[in-house]
Amino acid sequence: MARHIAPQPGIMEIALYQGGAAHVAGRSDAVKLSSNENPFGPSDKAREAVIRAAHNLHRYPNTDHASLRAAIGEVHGLDPDRIICGVGSDEIIHFLCQAYAGPGDEVLFTEHGFLMYRISAHAAGATPVQVRERDRVTDIDALIAGATDNTRLIFVANPNNPTGTMVGLADLERLARAVPQAIVVVDAAYAEYVDEYDGGAELATRLPNVVMTRTFSKIYGLGGLRVGWGYGPRAIIDVLNRIRGPFNLSTAAMEGAEAAVRDRDHVDRCRAENARMRAWLAEALMEKGVPTDTSCANFILARFADQATAEACDEALKAEGLIVRRVGGYGLPNCLRITIGDEASRRRVAPWPSGCSRPPAPVRMAGPRNERDRRLASP
Ligand SMILES: *Cc1c(COP(=O)(O)O)cnc(C)c1O
């Protein structure tokens, strides 16, 4: 008789990731505001670099990403030897879990934290543990209280997706110092949207247990190219490089990303335009009685009285060809996440279909999901 063929523990716990929808049946003018993409796309220089790379598709890429790491190091003032590049920052998150967490180990993150942390923890056979937030903001005390001797990794998206909120660097330092047994990962995918914020780079330079992750998928407008990077203590980066596939990034990806990181003008223009559109959209929503938290990123989390209202609004927006993101999977069933688009799309979102304007009742957040969370939620 054939033996039962089973995967490693944890893998069947993974719920398949649902990407943001891209189309509305019967509409050619649909606007995708569901994946936090840059509506302006990448720098022209990045586009040209990718096209140039097409002339050398028969060559293997270089394995050490030296040129891209040098460019990132130069632009951000960081030591390139402490940088690792990956297939999106998702791959860096994955490397961290694979390298540092296994069966019996815990991977901590917050209630409305990015879904990849849970997926990567399960993929490594580790136990994902979620702690509550305080009114949709990362609660450092809850993370400290939730950490045990078995905690190996703590992921904090800062700003967080899908809430758009963030905590200060002093709070992140307090967390890192309180949990010397764990690596604190500052996921700074949206750092470029925040003025005067280094994404945790200085902390990752100074402390032995802080790693910062960054991406080319958001403000750089290169989500389709799949490039991200991590920065941290030399010893940790060395470990991650040992499990990195030698050819994880294609030549086109490396050269496109290098051109993108060097084009500071494009980043500055996108940051300024995002801030302008975001303020405008937040105000328009407020006027319609739809509250939002102050967002530090390129999306806004619109809050409704209940799940039924949020879903009715999603349907009404879809009927207008506007695709936003339901975030029930993030424990926010009464909210919709709306990516900040360009001016044309904002004009289409802001009138806000009539089905959406029921006055909002006070918002009650979804409670803890299980016993363990309940315990962590009330230390
Ligand atoms: C979009 C996003 C990422 C980036 O993912 P990539 O794999 O780099 O495309 C990472 N973290 C958060 C919180 C995000 O929202």
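Which residues touch the most other members of the largest nonpolar core? Select L68, I154, F216 and W229, which hold that position among the 55 residues of this core. A nonpolar core is here a set of buried Ala, Val, Leu, Ile, Met, Phe, Trp, Tyr and Cys residues joined through side-chain atoms within 4.5 Å.

The model is predicted: local features need pLDDT of at least 70, side-chain atom pairs count only at pLDDT 80 or more, and totals for chains, interfaces and linings use all residues. Residues are numbered from 1 along each chain as its sequence is written, and side-chain values use heavy atoms, leaving out hydrogens and water.

Next, select helix 9 (residues 251-262), which gives the largest share of this core, 5 residues; helices (H or I, at least four residues) are DSSP runs numbered from the N terminus. Then colour domain 1 (11-40 + 265-377) and domain 2 (44-263): both give residues to the core, so it lies between them. The domain bounds come from an automatic or database domain assignment.

Centre the view on L68. Beyond residues up to four places away in sequence, L68 touches C85, F216, V227, L249, M254, A257 and E258, contact meaning heavy atoms within 4.5 Å.

Finally, select the cysteines C85 and C97. The structure holds 0 disulfides (pairs of cysteine sulfur atoms within 2.5 Å). The sulfur of C97 is 19 Å from the closest cysteine sulfur, in C85, too far for a bond. C85 is buried (under 20% relative accessible area, with a 1.4 Å probe and protein chains only; exposed is over 50%, partly exposed in between), at a relative accessible area of 1%. C97 is also buried, at 0%.

Notes:
Helix = DSSP H or I, 4+ residues; strand = E, 2+ residues; numbered from the N terminus.
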